[in-house]
Each structure stands twice: as structure tokens, then as C-alpha cells.
Amino acid sequence: MRMSNRAGLIAALVLLVLLILTPQIAPLLHLAISVCTEVLLFAIAAMAVNLLIGYTGVLPFGNAAFFGLGAYGAGLTIQFWHVKFFSSIGLGVLAALIGAFLIGPFLLRRRGIYFSLLFIAFGQVFYFLAYRFTDITGGEDGMNFARPVIEGTSFSPPDGSFYYMMLGFFVLIGILFWLLVRSPFGRSLIAIKENETRARYLGLDTDRFIFVALLISAAIEGLAGACYGLSIMFADPLQLDWHQSGNFVLMTILGGSGTIFGPFIGSLIFVIGSDILSSAIPWWQIPLGALFVVCVLGFPKGILGTILDALEKRRGGFGYEARDTLHGTVASEREIQP
Amino acid sequence: MSDVIFQAENIVKHFGGVHAVEDVSLSVIAGSIQAIIGPNGAGKSTLFNALSGFYKCDSGKVTFKGVDITTAPIHRRIAMGMGRTFQTSSIFPNLSVYDNLLIGLQSAANLAFRFRPVDATQHKTIEEKAERLLDFVNLKASAHRPVAELAHGSQRLCEIAMSLSTDPVLVMLDEPMAGLAHAETTRVVEVIRKLHSELGLTVLFVEHNMRVVLSLAQRIMVLDRGRVLAEGTPAEISANEAVRDAYIGKEVIESV
């Protein structure tokens, strides 16, 4: 096993222990457990975004559509069909997948900035649907629903156990993500990100690859959205909105796109940062925006990307992105090209 | 002997009012090296892009191995055995040379869409093939360096090796000598010669460097303002008055 792999594994285990202890640590830091749950769920959503930004090279500026579809998918099926805990999450994922299946073919007609603009436009369609159909969705006010009981029990997890279930999802998605970006399919995605024309001339039907990446991303984001809905027992149009998409993109780039843990770091800073700042100052979004500007201008590889790069160079490597993908991939964060 | 592997008939490509390629036909004999030359703006690159599926032809017909591929998507052309390089090296800059080859090798082995890791035997086959390609272009020493850090000539050789990774029978090279220093040119010419002599591939290339064209090509087509000006062996082209007047320049031909 290569040293970098072992270091990554140790870092992952330390992180896991910290996350397991979080419900004990959080009260000492005056953090509500629901905020910690939010960090995990936004980290999952940012991982979904990272698959597209960091490993496929497309900018998903409407990605929250899938997050919101997950939340509404869970909320509406609980409200109208009285489905139980895991079924509602599954149906949320399904809703996001159907959404991606419907808009994907339109998005794939363009690349670069046009892809992003189309993504915003199609994403907003879902926003307006949720906003308009007041009878079903509650419109602007959103919809409240109760957290249902788990299948086969009469147990509806309270916030404390809910946190651990979400931690389970986070670990599961993290491992699957790690396996995915190391698979031949993941390498093909990285090739598409690096140079799509070349990837085509090596025989890859790149539309098909990007479409499947979009579906996987939507499913992960739908999972995050459905769980978020269950977490706050609420769904509203803002969860589908392009501002929310922007937040997930921000977390990804801030933490380090093209790295496994970057989205988590981004989510941690974003959620905790806005939680602390918003209670202290009314204009709390300004410092967060400034941080993003500094990040993009000063260290475009994000926090984790910059650290990994420095470590790799100290060892005499060529930067973390140059590592052979066969032995362990971390794709690079290059400038996003129009 | 004249076994035509690739044929273009009456290709037309306009960009707005610009008639970049106007009714060009061309046949490539299997196992030959053929060149397309012409002054700047003659439509060489446009023709090349139209033939390789990068652009859609406005009209005309392209046949490869007897199959009409005029509207075939690029990945199908590659699967049929076409490979190409670009005027500015088209590579995966942040990946190592080895990984650059790996992408094409796993694509050729139908593993590109696989979610599980490749198994040991497949891995071994791919690694052996990568070794052979690295040997072929003499880049073994740089195998694990990111391509972006290599010299221009090595990047070009890496790109040629990549285009070979998908087992092509026809290799199309778009100005392989563009931007290369003299010493690098010699290396690349050697590799192109080997494509033909060692691997028995059919090579179609666009080139500006007349010395290279006259020494490598068996047949040459001259384009001028989107049309075919002349076609023939290097000797015939060198002797052609119209071609001389159009652009070649007397000294070059006499010195070869």
C-alpha cells in the first residue's frame, strides 16, 4: 500500500471516530445535533456535486433540483401515501433519478457555461412546480410532515439516533464514492474532465458517460435531500432553488473538488460558519462570500486540494493530481473551462 | 494491390460564407502513407476534421473499410479502427504518460464503462500493451511523469502512442511536426515511419514541412483554396508546375 493511501485511510478513521463522538462533543461547543446532521447531509450533497465538478468536469449549477426532489419525494409520499422511514428515502432518491433522467438529455446537448445555464434553467422548472402547485406542495410556505416510523417497528428515530443513521449513509456513500472514482469508469470520467475531445478519440461515447455520472450524482443528492427533509421534517421550494445549488458548488470548491474529503470540509466550514455567523451578525453571507472569492483566486484547488498538493510536492512528487490513477486517483482541479 | 481502405467523395464544408472545403475527393490505399499539403488556409485541417468526424460534412460521403461513416459518431469510428492526433497535442495534461495510454487501452478492451476493478489477467494484458507502446515511442523513462511537464516533442509522441492504444488500422496525423524543434522532428519522423514499416498501419497526414512530406509520403494530395490542385507521387508533385507556382518554392524541391 502506498504511503498516501495509508495516510488517507488513517485520516478517514480519525474522522470517523470524531464523527461517532460528535453527539458527545457538540454540546460542549454549543452546537445543536441537528446542525451536525446538516453537516453530514450537505457533505453528501456536495460529494454528488464533486462527482460532476471534480471528476467529470461539468459545472452543475442547478444540482439542488435533485436535492429538493429528494426532500419533496420523501415529504409528499409520507404525506399522501403514509410511507415509512426507509421507503420515503428510497422514493426521494427515485424522484431525483427521474428528474435527472428527464432533464439529462437536454443538458448533454451543450458543454461548458451553456451546460451550466441549461442546468439552472431546468432546475428552476422544479422550483416553480413546487412554488405553483400550492394544493399539493404548500407552495412558498413549504410543507411540514412528521418523521415516519421505521419499517416493521413503531420507532421514529429522534434527532440523536437520526444523526447516527445519517453517519451510516455518509460512510456508505464515502466508500462507494472512493470505489467509483478508482474504477475504470471513474478513470474514464477523469479523462473526460481532462480533455473531452481526446476521450472521444479514444473511443469513449462521452455523452453516455456524463449522463450516467449525472444519474449517479442525482441519486446521491436525492438521498441527501430526502434525509434532509426527514431531518427538519419540512420541504420548501428554497431547497430546489439555484441559490442552494450555488451553496453546494461553493462547499465543493472551498473544500477541494476532485478530492474525497474536500466536500466534507467545505460543508463543515459552510454549515458551522453560517450557524455561528448568522447568530452574530445580520450580514453573515458577506464574509462567507469573501471566503469563496479568496479561495477561488488564491487557492483554486480548495483547502484540501492545496494541502494534498503541498504534501505530495514535499515528498518529491509532481502534485497530487499526477499520481497514477491505477494506483490511487485524485483528479486535479483545473480551471473550469467554458 | 490498390485496396482502398478509406474514401471520401465530394466533401463540402462551409463556415458561413467561407468555402473551406469545396468538393474534395480522396482515396487512401491500405498500408500506404499519404499526405495532404497546401498553403495556409487551403482547408487541410477542415478536411481532416470533416473526415475524422470532428465536423459534420455539409455534403459528400466518407467510407471506411467499405462502410459509410459520413454521419457516424466519433466513438464508432474509433471502434472501427481509426485513430487521430491534433495540430496542438490533445492529451490529458495532468495525468502521467502511463495513464494517458491507460484510458485508451481500457477503452479498447471494453473496460471503460466498468464499475468494478479490472481483474488480474486483464490488468496484465493492459500493462504489457502499455509497455509496448511506451517502447514504441521511446517514452519509457517518462512513463510516470505528468504529460504537461514533458517537452513538446515528447507530448506529440505520447499523443501518437495514445492514438495507437485503441488498435487502429488507419492513423490520421494533423500536422505532426507543428511547433517542433529540428531534433524533435527527427524523432517524430522516425516514429511515423515505423507506424508504416513495423506496424503496417495506413497513415494519412497533413503537414507543412515539405522535407518531411517528400521523404515520408508515398502519395501526396495538394489542396488550394478548398479544392484539389494536384495529386500524385512525390516525384510527380515536385515536378508539377501548378504546385510549384502555388506555394512549394523551387529551392526546397531541388534540395530534396
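These are my notebook entries on a predicted two-chain model, chains A and B.

**Ground rules.** I work with a predicted model, where local features need pLDDT of at least 70 and side-chain atom pairs count only at pLDDT 80 or more, while totals for chains, interfaces and linings use all residues. Residues are numbered from 1 along each chain as its sequence is written, chains are lettered from A in the order in which they are written, and side-chain values use heavy atoms, with hydrogens and water left out.

**Entry 1: the core.** I looked up the largest nonpolar core and got 152 residues. A core here is a set of buried Ala, Val, Leu, Ile, Met, Phe, Trp, Tyr and Cys residues joined through side-chain atoms within 4.5 Å. Buried means under 20% relative accessible area, exposed over 50%, and partly exposed in between (1.4 Å probe, protein chains only). Among the members that touch the most others are A:Phe66 and B:Phe205. I also noted a second, separate core of 27 residues, including B:Ala8 and B:Met82.

I then checked the contacts of A:Phe66 (contact means heavy atoms within 4.5 Å). Leaving out residues up to four places away in sequence, A:Phe66 touches, among others, A:Ile103, A:Phe119 and A:Leu214.

**Entry 2: A:Met143.** Is A:Met143 buried or exposed? A:Met143 counts as buried because its relative accessible area is 4%. I found A:Met143 in strand E1 (residues 143-144) of chain A; strands are DSSP runs of E with at least two residues, helices are runs of H or I with at least four, and both are numbered from the N terminus. From A:Met143 to A:Phe234 is 91 residues in sequence, but 5.6 Å in space, C-alpha to C-alpha. A:Met143 also touches A:Tyr72 and A:Ile136, to name two of its contacts.

**Entry 3: a greasy bit outside.** I found a nonpolar patch on the surface with about 910 Å² of accessible area together, and its members include A:Ile10, A:Leu28 and A:Tyr164. Such patches join nonpolar side chains (Val, Leu, Ile, Met, Phe, Trp, Tyr) within 5 Å, from residues with over 30% relative accessible area and no salt bridge. The areas come from the Shrake-Rupley method with a 1.4 Å probe, and for residues, only the protein chains shown count as cover. Helix H1 (residues 3-25) of chain A gives the largest share, seven residues. A:Leu28 sits in the loop between H1 and helix H2 (33-53), and A:Leu28 counts as exposed because its relative accessible area is 68%.

**Entry 4: where the chains meet.** I see 32 residues of chain A in contact with 42 residues of chain B. The two chains bury about 3200 Å² between them, 63% of it on carbon and sulfur atoms; buried area is the accessible area (1.4 Å probe) that two parts lose on being put together, summed over both. In chain A, A:Arg198, A:Tyr201 and A:Leu202 lose the most area to chain B, together 26% of what that side buries.

**Entry 5: salt bridges.** I count a salt bridge when a side-chain nitrogen of Lys or Arg is within 4 Å of a carboxyl oxygen of Asp or Glu. How many cross the interface of chain A and chain B? The rule finds one there, and A:Arg198 and B:Glu159 meet in a salt bridge at 2.9 Å, N to O.

B:Glu159 also pairs with B:Arg156 at 3.6 Å. Both lie in helix H5 (residues 152-164) of chain B, three residues apart, about one turn of the helix. B:Glu159 is buried, at 0% relative accessible area.

Terms used:
Patch = residues over 30% accessible without salt bridge, like charges linked within 9 Å, V, L, I, M, F, W, Y side chains within 5 Å.
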